[in-house]
Each structure stands twice: as C-alpha cells, then as structure tokens.
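Thanks for coming, everyone. Please look at the screen, and I will walk you through this one region by region.

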Amino acid sequence: MLSTTTLVLAAALPLAFAQTLSNETVLGVYMFHRHGDRTSKSTPPANLTALGYQEVYTSGEYYRSRYIASDAAYKIQGINTDLVKQSQIAVSAPDDVVLQNSAMGFLQGLYPPVGAGLDTQTLRNGTNITAPMNGYQLIPVELVSTGSDSEDSSWLQAASGCAKATISSNNYFSSSQYTELLNSTQDLYTSVTSFINGSFNSSQISYKNAYTIWDLINVAEIHNATFDPTDIITTNTFDQLYSYSNIHEWGLAYNASDNLRAVAGMTLAAQVVQFLNGTITGEGKQKIGIQFGAYGSFSSFFGLADVEAASPELMGVADYASAMTWELFTNTSTPVTSSSYPSDDEIYVRFLFHNGTTSNTSEPVAYPLFGSGQDTIGWNDFTTGMGKFSLGTTEAWCVACGNFTGTCEAYDPSSSGSSSSGSSSSSSSSSGNGLSPAVNGVIGAMVTLAALLGTAALVMLVGGFRLVSKKSLAQGAGAAGGSVAAKA
C-alpha cells in the first residue's frame with residue numbers, strides 16, 4: 001500500500017504534451033468535467049459560488065480556444081466557430097443544481113454571445129428582431145435524474161443504482177486500511193471538534209467522515225474571512241486532513257481486486273467509445289460531447305485504465321472544474337472530407353487530464369492509457385483497452401450489478417428465457433447522440449424518469465456515482481494546474 005505522502009504528494013511526471021499540429025486533424029472530442037467551487041455539503045443545499053461560476057466559465061473559454069475558435073490550436077474539423085450548431089454538440093449533467101449550473105457556465109465560455117449583428121432576424125412585416133443579451137447562445141443541457149440531490153449528499157455511490165457496486169464500496173469500511181486509519185487518526189479528528197461541532201456530532205467526528213469534514217474546512221478556508229490557519233486548523237492539520245480525505249475517497253471509488261466498485265468509470269468508458277465511434281461512423285457529424293459529473297468518475301477511470309499506475313499523484317480527489325478529455329484525431333495527409341474520411345487504422349486517441357480550472361496559463365497534459373507508456377494510442381487499440389472493463393449494454397450492466405427488476409428483469413438468470421450472458425462489450429449500434437440504444441435503456445431501470453434517452457441516460461450511471469467534492473484554493477481566474485495532489 002502506498003504511503004499517505006506517496007498517495008497525495010508525489011510529484012507529477014506526466015508525459016510532456018507536445019503541440020505538433022502540422023499533420024494532425026482533430027475529428028472529435030469527448031470531455032468529462034467536474035463542477036466549479038460550491039458551498040459545503042455540510043450546509044445544504046449546496047450551491048455553485050461566484051468563484052465556481054468563474055472557474056467553469058474560464059475552462060469553457062480555454063476549450064473554445066483549443067477546439068472551436070477560428071485560430072484554435074486543435075480546432076475540431078468542421079465545427080462551427082461562432083454560431084453553435086446543435087447537431088455538433090451534446091451536453092449533459094445530472095439532475096443537480098451545482099452540476100447543471102456548472103454546465104451552463106462552461107458553455108457560456110465555450111460559445112459566447114455572438115453580438116446583435118450576427119443574431120438578428122427580419123420578420124415578414126419588416127421588423128428586425130435582435131436576440132437578447134447581445135446574442136447569448138442557448139445550448140441545451142440534457143438533465144438526468146439520479147434520484148437524489150447529488151451535491152447535498154456526502155456519498156452517492158448508491159445513486160448509481162448498481163447494487164453490487166454499492167456493496168463493494170461499503171466493503172472499504174471493513175478493510176484493514178480503513179480500520180487502521182480510523183484508529184490511528186482519531187486524535188487528529190478530535191482536535192478539530194470545536195471548529196466543526198456545529199455540523200458534526202461527536203460520533204461523526206472521525207476518519208469515517210474524512211471527506212465531509214475536510215470539505216467543510218476547505219470551504220471555510222476559501223470563503224470565511226475569519227478562518228485562522230494558526231488557530232485550531234493549523235497548516236499541518238489542514239494538510240493531514242486533506243491527505244486522509246484523498247485516501248478515503250480513493251478507497252471508496254476503486255479497488256484493484258474488485259473492479260465493480262468503479263462502475264462509474266465502466267459506464268463512462270462505454271460512453272466515451274460510443275460517442276467517438278458515432279463521430280467516426282457519422283463521418284464527423286457529431287463533434288464534441290461534454291458531460292458534467294462528480295470526481296468519483298475520475299478516480300474510478302484512472303484506476304481502471306491504469307492511469308494512476310504511472311502517476312500515483314492521481315490517487316486523490318480531482319479538484320473543482322477538473323476535466324478529462326479524449327481527443328480523436330488523424331495524422332493522414334489526405335484532407336478529411338465526407339468522401340475521404342480516414343479509416344480506423346488512421347485514427348488515434350489522446351487522453352488528457354487537467355486538475356482544476358484549465359486556462360491558457362495552465363493547460364492539460366497527456367497521460368498514457370492501459371500502461372502503454374504512450375500519450376497516443378490507435379483507435380483499435382483504444383477500443384480494445386476500454387472494452388476490457390466498460391459496461392455498454394443494458395444486459396451487461398444489469399448482470400454485473402445484480403439488478404434484475406424493471407428493465408433488468410429480462411436478464412434475470414433465474415427467470416425462464418433469460419438471455420443473460422454478462423458480456424461487458426459496448427454495443428456498436430448508435431443513436432443520434434452516439435450512444436447505443438442499449439446504453440440509453442440501462443438507466444431506465446434505475447430512476448423513475450425512465451423515458452430519458454441518449455446522452456442523458458448513461459450519465460445517470462456515470463454522474464450518479466459520486467462521493468463528495470472539493471476544490472483547491474482560488475488561483476486568480478481559476479488557473480489551477482498540476483497534479484491531483486494540489487488541494488482539491
């Protein structure tokens with residue numbers, strides 16, 4: 001087991017991200033983004049703060065400059081630069097005010113108002129109508145019900161609806177690591193009682209609530225003008241609480257011997273592949289998919305894809321406004337058109353991560369997937385690697401999770417005529433948003449709003465798996481770079 005110092009404070013050594021643009025054409029992008037700074041979970045309801053709004057807006061501006069602007073360094077081939085084309089973009093977020101507002105704030109930076117001159121219509125009677133708010137662009141954010149108020153809950157694995165994943169995460173509380181830390185850290189948690197006893201009773205002040213305790217103190221350090229780091233919460237105490245919260249949350253999100261604990265990463269993996277596959281099969285019609293969710297999905301994906309193996313500093317909680325990005329690109333010299341779209345052998349994927357708000361002064365870096373040691377991977381190798389742990393069909397999800405009611409009833413092995421096979425491969429068929437109909441059906445068994453389709457449906461699984469959240473201290477306009485070891 002890695003030590004606390006290794007888990008949290010190890011120096012980041014990701015592969016350098018060289019911007020060699022001469023022969024690359026970006027075909028599509030999928031992004032998983034965390035919400036911005038919010039109020040404490042211990043004082044519900046949690047709300048996005050002005051700082052959090054600024055963070056996601058700044059991130060949106062950066063990714064506009066990277067993928068969409070006319071002079072974008074990695075401009076997505078064929079994407080509309082100024083006026084958004086709705087068929088090119090798919091955005092989703094769980095039924096949660098913090099995540100929904102974060103998505104909208106991000107989109108304001110990604111596609112800003114176009115100005116009155118570009119968004120004016122003339123009616124039949126000659127009247128000129130100018131769009132309000134200087135041509136503010138309305139981009140739909142598909143809403144998904146997780147069955148709970150996500151950011152008001154301290155730990156939301158159960159919201160994924162996956163019974164076995166919930167059991168797996170609960171098993172952490174009987175692990176030797178948990179028991180050891182619960183006992184060895186009690187004096188530390190007891191020492192901060194006077195600072196947090198307004199939100200936690202004496203029975204709750206322990207390592208068992210490591211993250212929610214840290215979250216309350218972290219929010220106070222950012223927003224409370226009376227916070228005194230030389231008083232009860234010294235710098236050393238603050239750092240220790242942060243360290244233990246990271247260990248606690250990683251233990252709940254991923255376990256190498258019980259991968260189902262990382263069900264959020266499994267469903268996210270399927271969604272990424274299916275969206276990007278839709279970009280390929282649709283010959284570039286859909287350009288960018290953006291999903292907002294909680295940090296549990298970062299941790300579980302890092303573990304499943306062996307990202308943290310080479311970068312152990314990622315075994316912590318991703319900061320507010322962090323983003324994972326999968327870039328689909330080709331380096332063929334042949335111009336990309338609908339009649340000369342590159343073959344699978346000519347298409348590659350690059351995985352990027354940035355901890356905290358991305359900006360022009362703090363950009364994402366590339367990390368190798370599947371222990372490959374390479375910052376790019378061929379499309380076929382990428383789909384093979386993701387397919388080893390992804391859950392991309394209704395049947396695979398139901399069988400893996402042990403859920404056999406509602407939509408999953410058809411796959412109950414105890415019922416006659418069941419065709420359950422337990423396959424975890426992703427369906428190759430896709431709907432208009434790049435997700436297979438099977439994936440869209442998975443979530444119907446887990447929530448009351450079973451009719452939600454497309455991107456929104458799978459996000460219920462992915463976005464629903466969340467533990468808690470936190471952020472690093474504000475750094476100017478939110479340029480928080482570096483490893484996850486930076487304050488989350």
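Let me start with a question: is N134 buried, partly exposed or exposed? N134 is partly exposed, because its relative accessible area is 49%. Keep in mind that this is a predicted model.

Stay with N134 for a moment. It lies in helix α4. Its phi is near 60°, which is positive, and N134 is not a glycine. Now look at M133. M133 also has a positive phi, about 55°, and again the residue is not a glycine. M133 sits in helix α4, which covers residues 132-135. M133 counts as exposed, because its relative accessibility is 59% and the cut-off for exposed is over 50%.

Now the whole chain. It has 17 helices and ten strands. There are 488 residues, and 56% of them count as buried. Next, take contacts between residues at least 6 apart in sequence. Of these, 75% join residues at least 24 apart.

On to a pair of helices. Find α11, residues 263-281, and α12, residues 296-304. At what angle do their axes cross? The answer is roughly 80°, and the axes come within 7 Å. The range for roughly perpendicular is 65 to 115 degrees, so α11 and α12 are roughly perpendicular to each other. Who makes the contact? From α11 we have A264, G265, M266, L268 and A269. From α12 we have S297, S300, F301 and L304. Sort the residues of this contact by class, and you get six nonpolar, three polar and no charged ones.

Stay on α12. How many of its residues are buried? Nine of the nine, so α12 is largely enclosed by the rest of the structure. Among them are G296, F298, S299, F302 and G303. Just after α12 comes D306, with a positive phi of about 60°.

F301 counts as buried, because its relative accessibility is 0%. Now follow its ring. The structure holds 29 aromatic pairs. One of them joins F301 and W326. Which geometry does this pair have: stacked, tilted or edge-to-face? The pair is edge-to-face, with 5.3 Å from centre to centre and 85° between the planes. F301 lies in α12 and W326 in strand β7, residues 323-330, so the pair ties together parts that are 25 residues apart in sequence. W326 is buried too, with a relative accessible area of 0%. F301 and W326 belong to one aromatic cluster with Y30, F275, F351, F370 and F389.

While we are in β7, look at E327, which is found in that strand. E327 is buried, with a relative accessible area of 0%. Which side chain does E327 meet in a polar contact? The partner is R66, and the contact is 2.9 Å.

Now move to the loop between β1, residues 25-34, and α2, residues 50-67. T49 has its place there. Is T49 buried or exposed? T49 counts as buried, because its relative accessibility is 12% and the cut-off for buried is under 20%. The T49 side chain makes a polar contact of 2.4 Å with the side chain of D37. A polar atom of the T49 side chain also lies 3.0 Å from the backbone nitrogen of G52. Now set aside neighbours within four places in sequence. T49 is then in contact with D37, R38, T39 and H223.

P45 has its place in that loop as well, between β1 and α2. Check the peptide bond from P44 to P45. This bond is cis, with omega near 0°. For comparison, most peptide bonds are trans.

One last stop: N170. N170 has its place in helix α5, residues 163-170. N170 is partly exposed, with a relative accessible area of 34%. How far is its C-alpha atom from that of G251? The separation is 9.7 Å, although N170 and G251 are 81 residues apart along the chain.

That is the tour. Thank you.

How values were computed:
Residues are numbered from 1 along each chain as its sequence is written. This is a predicted model: local features need pLDDT of at least 70, side-chain atom pairs count only at pLDDT 80 or more; totals for chains, interfaces and linings use all residues. Side-chain values use heavy atoms; hydrogens and water are left out. Axes are lines fitted to C-alpha atoms, for helices over the stretch in contact, and angles run from 0 to 180 degrees between N-to-C directions. Helices (H or I, at least four residues) and strands (E, at least two) are DSSP runs, numbered from the N terminus. Angles under 35 degrees count as roughly parallel, over 145 as roughly antiparallel, 65 to 115 as roughly perpendicular and the rest as oblique. Contact means heavy atoms within 4.5 Å. Ala, Val, Leu, Ile, Met, Phe, Trp, Tyr, Cys and Pro count as nonpolar, Asp, Glu, Lys and Arg as charged, and the others, Gly among them, as polar. Buried means under 20% relative accessible area, exposed over 50%, partly exposed in between (1.4 Å probe, protein chains only). A polar contact is a pair of N or O atoms within 3.5 Å; within protein, one must be able to donate a hydrogen and the other to accept it, and residues adjacent in sequence count only if both atoms are side-chain atoms. Rings of Phe, Tyr and Trp (its six-membered ring) pair if their centres lie within 6.5 Å; planes under 30 degrees apart count as stacked, over 60 as edge-to-face and the rest as tilted.
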